[in-house]
Amino acid sequence: MVAYKSKVVERIRLPSREQRARALEEAGYNAFNLSADDVFVDLLTDSGTGAMSDDQWAALLRGDEAYAGSASFDRLESAVADVMGFERVVPTHQGRGAENVLYGTLLSEGDIALNNTHFDTTRAHVSNQGADPVDCPVSGAHDPETDEPFKGNFSLEGARAVVDEVGPERVPLVILTITNNSAAGQPVSVENTRRVRAFADEIDATFVIDACRFAENAYFVTRREDEFADATVAEVAREQLGHADALVMSGKKDGLVNVGGFVATDDEALFERCKQRAILYEGFPTYGGMAGRDVAAMAVGLREAVEESYVEDRVEQVREFGAMLEEIGLPVYTPTSGHAVYIDAGATFPEIPADEFPGQALVCELYREGGVRGVELGSFAFPETDRPELVRLAVPRRTYHREHFDHVVETAEAVLEKRDDVSGLEIVSNPAVPELRHFSASLEPLSAEPATATGTNTD
């Protein structure tokens, strides 16, 4: 059941095939370089791209823009305490600002950070401190076809092997990302969270939860973990997050806003250290790089994110989208995540080797065929890591309707019809930071562009 109705609309347009082909070439075959005006259905990310509620828009108008001691911050602090269980909050302009504040405080040269799977900016922030990001996914996390309920879990076996090799003194930080975005958005169980908490205590490490999609994760727990079959999303969220020493949060995901983030903790000493670093990089501790109106909107969004009707509609919309793509024969990573459908591009284009970026080829063809923008999360985005060649189609919150997903499905069908004509790509311009190369690198096809296919999206 849909939990909301449209109140404001935005016009969008589908550029002609010729315009799309030209835009793709000018963007260096990198979807990040495309102008949003040239995109028809934008599934690049769910981060900050959703629609806010009328209550959030009302909060924008009531926002307090005081530099220090803002009433908007008081409302955010109260929401974090009520929804997430932490009393001390350091606001930041977005999630990577929070990562900079927290990981810049906790990590030093030569340290090792363990994570179920580091996402791109997390990996980059860890590396930026001179530390080494090490992934500890469970077996099957990168298998698109297994049907395990919690493929996002943290591997304690893998983590202990690292500690046995380097010693616990080199591992001051253990991170649990929920849901596990780099493992196809798969959820993490509360039982696994408890075990990670105990492991962090064993090695005297700080335990951090990356809570960007905490509400979606809690929804999966209520459906898949027997202990919580009768619990609410809000109850599971408090239970799961309560095992951490600190949270890092992008409000642009389950904060349901277009900008903002924060660090939250009950550790007074850690809070003070983060607050001082935030003053240097983000601004005064009661606005943290945001306008007061945005702080107020995030306070409302956090409360809305754990409402049963909202989160059920959110996750079920993504599940239905995944089922639609599976029905036309596209190899979809299963089970479907709560925020995106992940496509196995390696299976879609089996003749394109990993070093020719089959995922990026799929991203380009989806745009060329129907103006649909996704993102590659395979060997292009994560060089020198062993993971499947995935393409993520992230669904903005409360934004698109069935007709938009029908268009994406028609576009994908057109791509499948001409899959034998699709070539790989090579990088022709590479940025200095390899962990972030997919944001700005330029590529070009290794052979002539494929011929125009017949279909509803070819104009």
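Select Asp55, Gln56, Ala59 and Leu60 in helix α2, and then Arg293, Asp294, Ala296, Ala297, Val300, Gly301 and Glu304 in helix α11: these two groups meet, where contact means heavy atoms within 4.5 Å. The residues of this contact divide into five nonpolar, two polar and four charged. Here Ala, Val, Leu, Ile, Met, Phe, Trp, Tyr, Cys and Pro count as nonpolar, Asp, Glu, Lys and Arg as charged, and the others, Gly among them, as polar.

The model is predicted: local features need pLDDT of at least 70, side-chain atom pairs count only at pLDDT 80 or more, and totals for chains, interfaces and linings use all residues. Residues are numbered from 1 along each chain as its sequence is written, and side-chain values use heavy atoms, with hydrogens and water left out.

Now display α2 (residues 54-62) and α11 (residues 292-305) whole; they pack at an angle of about 155°, with their axes 7 Å apart. That makes α2 roughly antiparallel to α11. Axes are lines fitted to C-alpha atoms, for helices over the stretch in contact, and angles run from 0 to 180 degrees between N-to-C directions; angles over 145 degrees count as roughly antiparallel. Helices are DSSP runs (H or I, at least four residues) and strands likewise (E, at least two), numbered from the N terminus.

Next, select helix α1 (residues 17-26) and helix α14 (residues 358-370), whose axes come within 7 Å and cross at roughly 150°. They are therefore roughly antiparallel to each other. Arg17, Arg20, Ala23 and Leu24 in α1 meet Cys364, Tyr367, Arg368, Glu369 and Gly370 in α14. This contact comprises four nonpolar residues, one polar and four charged.

Move on to helix α4 (residues 95-106), whose twelve residues reach 16 Å from the first C-alpha to the last, close to the 16 Å expected at 1.5 Å a residue. The expected span is 1.5 Å times one less than the number of residues. Eleven of the twelve residues of α4 are buried, so this helix is largely enclosed by the rest of the structure. Buried means under 20% relative accessible area (1.4 Å probe, protein chains only). Among the buried residues are Gly95, Glu99, Tyr103 and Leu106.

Finally, select helix α12 (residues 308-327), which has 20 residues and reaches 28 Å, close to the 28 Å expected. Its buried residues include Tyr310, Arg314, Phe321 and Met324. The buried residues of α12 pack against α8 (214-224), α9 (233-241), α11, β9 (340-344), β12 (390-394) and α15 (402-417). Just after α12, Gly329 takes a positive phi of about 95°.

Terms used:
Angles under 35 degrees count as roughly parallel, over 145 as roughly antiparallel, 65 to 115 as roughly perpendicular and the rest as oblique. Buried means under 20% relative accessible area, exposed over 50%, partly exposed in between (1.4 Å probe, protein chains only).
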